[in-house]
Protein chains: 4
Amino acid sequence: MMNITVWNENRHEQTNQVVRDVYPDGIHGTIAQFLEKEGHQVRTATLDEEEHGLTEDVLHSTDVLLWWGHQAHEEVSDEIVERVKQRVLDGMGLIVLHSGHFSKIFKTLMGTTCDLKWREANEKERLWVVDPSHPITEGVGEFIELEKEEMYGEHFDIPAPDELLFLSWFEGGEVFRSGCTYRRGQGKVFYFRPGHETYPTYHNPEIQRVIANGVRWAEPVKQEKPVYGNAKPLETIGSK
Amino acid sequence: MMNITVWNENRHEQTNQVVRDVYPDGIHGTIAQFLEKEGHQVRTATLDEEEHGLTEDVLHSTDVLLWWGHQAHEEVSDEIVERVKQRVLDGMGLIVLHSGHFSKIFKTLMGTTCDLKWREANEKERLWVVDPSHPITEGVGEFIELEKEEMYGEHFDIPAPDELLFLSWFEGGEVFRSGCTYRRGQGKVFYFRPGHETYPTYHNPEIQRVIANGVRWAEPVKQEKPVYGNAKPLETIGSK
Amino acid sequence: MMNITVWNENRHEQTNQVVRDVYPDGIHGTIAQFLEKEGHQVRTATLDEEEHGLTEDVLHSTDVLLWWGHQAHEEVSDEIVERVKQRVLDGMGLIVLHSGHFSKIFKTLMGTTCDLKWREANEKERLWVVDPSHPITEGVGEFIELEKEEMYGEHFDIPAPDELLFLSWFEGGEVFRSGCTYRRGQGKVFYFRPGHETYPTYHNPEIQRVIANGVRWAEPVKQEKPVYGNAKPLETIGSK
Amino acid sequence: MMNITVWNENRHEQTNQVVRDVYPDGIHGTIAQFLEKEGHQVRTATLDEEEHGLTEDVLHSTDVLLWWGHQAHEEVSDEIVERVKQRVLDGMGLIVLHSGHFSKIFKTLMGTTCDLKWREANEKERLWVVDPSHPITEGVGEFIELEKEEMYGEHFDIPAPDELLFLSWFEGGEVFRSGCTYRRGQGKVFYFRPGHETYPTYHNPEIQRVIANGVRWAEPVKQEKPVYGNAKPLETIGSK
């Protein structure tokens, strides 16, 4: 059991009936529901709440944060991004979903543009497992097939992932590194590609399984914060 | 709770009173005892048993295998090595300890000589944590200090580890990549350096913690074996 | 200018008129010709020559070895494989092509089965560049398209590559890690997927460019062999 | 022959006679001189010049930029940092030296704090080569010994390096990942630890060799910039 916070921009849900039909409780609501069934304590937070719902208290009691954003990345305040980053470096897990690739928090943790190709064409995606030893791919089988998704294509401008877990095939001819892990400070980061707002991707049990696996993998380790700065020697210097 | 098998060459214990004094139950006995306290089902197996104690039955019911060997690597039969390798590729975790760097099983999984520098001089080792986000370093703090150990020094002829967890400092002037993880097939491999037979290293609670963490990390994932060989297309070819 | 040896099994060329038509000088001949144009000193060697053409002399004067094999991997003698492996660990570059994934030399350097899915169905392959900073992808642009190739699909049972350069999209629905680098000992290894014997893949200028880039990247560094074994301390031990 | 720019904060040289005695031409001057001998076209640039000497023109005609900074990281303007970052992502090589670990440009490319332990105690450093296959370690032998250097110790809060080349041993009991490579966008980054301003480290021929090797390794590849954004399909979608 962990304390999970699901963050969602929650804007498409306000303005687009298609999205509202697919996610009547919001993308955050759907994700929160299946993570609760995993036994976690789950909260949600959204852009238009005070401090985007990510107060110091909320973040300090969050073990793993999930992040979905798309059209309003620029409205997320730099101060809150810095706060989230600090918590990741201090050990909080972070799961970045789909269009979150362009969020301030992901870009600042990666150090690159995180740019990519994209296309909305109701096309088929097949996510192939390339690391069948990894806890995040547990129980997935060889691939996950999504009948309709937005395409994301290479080149994906990210640092080489510490671990590459999924590769996507798209009907229109592209490929994509769809499941990538990174470690930053004491925290773990998992980027997982699928989840365009107009498709029922987060209702898919296989996708839910990967996200639930990702949350477990991203659990903070119980570890003292490393000591930085001026350090006394542990051995005698210049004794020779 | 996992099924653990601790494999030990168990030869020094028969011939060297110093080793017998430090490990009256054998190195395998000491390791088995602290892993049992972690709640695992633990067996031991040794070189001079039939099939080195690693029958098909034993291996197929082993989740994680630990390996300590030193002077008799060449006496381990190629057939058993191949059997262990197959089990690792099928998902069994493998923890290779200290002089196990030169075991047939480690060398065949690495593809390199696994050679290194060494020296027995009762010297101090300090293992620094370089990845404080990793479950194997959980609870360790900044470093582990061992008053007396055998030195292993770079260059260590291994493939670049998938994850580097510990770096050792030695009193005599060398450094060493002391905690390294690898994935091979569906299995996970953790190499952990300390543990010369004449020192009480495996009685050290910090060392025990790392090994216990390593065992948990190496737990097999529940995953179907990937399908290899000739494959029918999933999409129509040549429809244009 | 380097000394290059192109090794080819050279069996399909003897028995299959289609292959002979595509590669009248053998696959090795075609590869040797475009590498000579790069200014290298190029030799070829084939399975049915004495010592498979890979005498101690040949190997010791080879900077980079290319390897194409398919139906006769088992006929390559273990002794020659060990000799090639030793040269790689001593610094010789190795470029493994296409069905060479199942060669003894590649499998022993990887430590895994190197198994994969495959299909011969005249289908389209598109190799996407995922690392545009790497010298092996220099000048390639975004992707290479091959109208007809054999399909290789994931899961590809290799260790996680040190560097992942190309990902293939296949018409039939699969993906593949098609360009992978590894370091073993002092040597560099580049696996490059395309090149089924019945297609004119090695006549393709883009494919030739990647192989030529790979050869340059794999150039041995001028470096003393590391010293292994018992080592005298560089610092005074136990002075406190 | 490449166009190299050596950037130095150049403040210690103005205020500290010890530094001036060691580097009468400034740290940048010393580095520029040995890189010129390698046949490069070398310029220098310093903090107090207009735009810190890093105008659009200078950066666009720079193949590899070297960066030394220490006490005035905060005085480097965010605009120039962003400009340098963009050039790295577009392919320019970047060599970050010593206290440059805390520069804005390094931190923004890494996504972490880049914090570490440090101590000025005239102590011995020994940099061990852990990757003898890499062009940056070419010709170095087993290690480089520096009689007196500042200590930097783990934990070094960086992302796991793409390639780890050097590990430092320090007299006072610490270790450090002293040679690390990263790829960001189309650019290559090499962090190299030694070089405290009061020691003659950059006059050391072995250190010069590593930096010269690093510059060659970081050479931009000739590659089109990847295309990002909305993309037309390369294959027919929905034809079934």
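Reader: What makes the place of A:Asn10 a loop between a strand and a helix?

Author: A:Asn10 is found between strand S1 (3–8) and helix H1 (12–15) of chain A. Helices (H or I, at least four residues) and strands (E, at least two) are DSSP runs, numbered from the N terminus. This is a predicted model in which local features need pLDDT of at least 70 and side-chain atom pairs pLDDT 80 or more, while totals for chains, interfaces and linings use all residues. Residues are numbered from 1 along each chain as its sequence is written, chains are lettered from A and ligands numbered from 1 in the order written, and side-chain values use heavy atoms, without hydrogens and water.

Reader: Why is A:Asn10 called buried?

Author: Buried means under 20% relative accessible area, exposed over 50%, and partly exposed in between (1.4 Å probe, protein chains only). A:Asn10 has 16%, so it counts as buried. A:Asn10 also has a positive phi of about 60°, although it is not a glycine.

Reader: How do you know that A:His98 is buried?

Author: The relative accessible area of A:His98 is 1%, so the residue is buried. A:His98 is not a glycine either, yet has a positive phi of about 45°.

Reader: What makes the relation of chain B to chain D that of a two-fold axis?

Author: Chain B is superposed on chain D by a rotation of 180° with 0.0 Å of shift along the axis (RMSD 0.0 Å). That is the relation of a two-fold axis. In chain B, the C-alpha nearest the axis belongs to B:Trp169, 3.3 Å from it.

Technical notes:
Copies are superposed by least squares on the C-alpha atoms of residues with pLDDT of at least 70 in both.
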